[in-house]
Amino acid sequence: MMNIDSIHNGIVLDHIKAGKSMDIYRMLNLDKLDCSVAIIKNAVSHKMGKKDIIKIDSELDVDLDLLGYIDPDISVNIIKDGKLVEKKHLKLPDRVTGILKCKNPRCISSVEQELPQIFKLTNKSARIYRCLYCEAKAE
Ligand code: ZN
């Protein structure tokens with residue numbers, strides 16, 4: 001297994017809820033990358049008990065809105081020349097595009113296929129997103 005020292009220029013996604021790393025791997029399309037990607041499951045965490053970690057040995061532009069939507073508690077560590085240079089903090093994005101699909105068959109975004117699927121955060125504490133066009137709640 002790869003340790004943090006073996007990443008020269010890349011990204012470490014830390015504090016992933018235990019068992020969620022494969023979902024994130026798929027949602028970020030990490031299987032499409034040529035570089036090495038290490039998934040560490042059930043690492044010991046003082047804060048969380050158990051956590052998953054993903055290490056990507058590439059200077060990849062991770063979709064922070066997507067990650068924040070999946071889990072705003074994930075920490076994104078940017079590694080350059082083998083050193084941690086930046087910790088990005090995620091938050092629930094105000095808008096998500098192309099992640100959720102409107103379930104309302106009469107919604108303009110269901111009828112007009114070329115329209116992007118855009119949802120806006122309408123209730124932060126309850127994590128409720130609604131369709132920008134018809135206000136239908138995302139499930
Ligand atoms: Zn809609």
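Trainee: How much area is buried between domain 1 and domain 2?
Mentor: About 450 Å² in this predicted model, and carbon and sulfur atoms give 67% of that area.

Trainee: Which residues of domain 1 lose the most area to domain 2?
Mentor: Look at D65, L66 and Y69. Together they account for 83% of what the domain 1 side buries.

Trainee: And how many residues are in contact?
Mentor: Six residues of domain 1 are in contact with six residues of domain 2.

Trainee: What classes make up the domain 1 side that touches domain 2?
Mentor: Four nonpolar residues, one polar and one charged.

Trainee: Let me back up. Where do the domains run in the chain?
Mentor: The domain assignment puts domain 1 at 10–89 and domain 2 at 95–131.

Trainee: How far apart are their C-alpha centres?
Mentor: The centres of domain 1 and domain 2 lie 26 Å apart.

Trainee: New topic, cysteines. How many disulfides does the structure hold?
Mentor: Zero disulfides.

Trainee: What about C102, buried or exposed?
Mentor: C102 is buried, because its relative accessible area is 11%, under the 20% cut-off.

Trainee: And why is C35 called partly exposed?
Mentor: Because C35 has a relative accessible area of 24%, which falls between the 20% cut-off for buried and the 50% cut-off for exposed.

Technical notes. Residues numbered from 1 in each chain as written. Predicted model: local features only at pLDDT ≥ 70, side-chain atom pairs only at ≥ 80, totals over all residues. Heavy atoms only, no water. Domains from an automatic or database assignment. Contact = heavy atoms within 4.5 Å. Buried area = accessible area lost by both parts, 1.4 Å probe. Nonpolar A, V, L, I, M, F, W, Y, C, P; charged D, E, K, R; others polar. Disulfide = S-S within 2.5 Å. Buried < 20%, exposed > 50% of the residue type's maximum accessible area, 1.4 Å probe, protein only.
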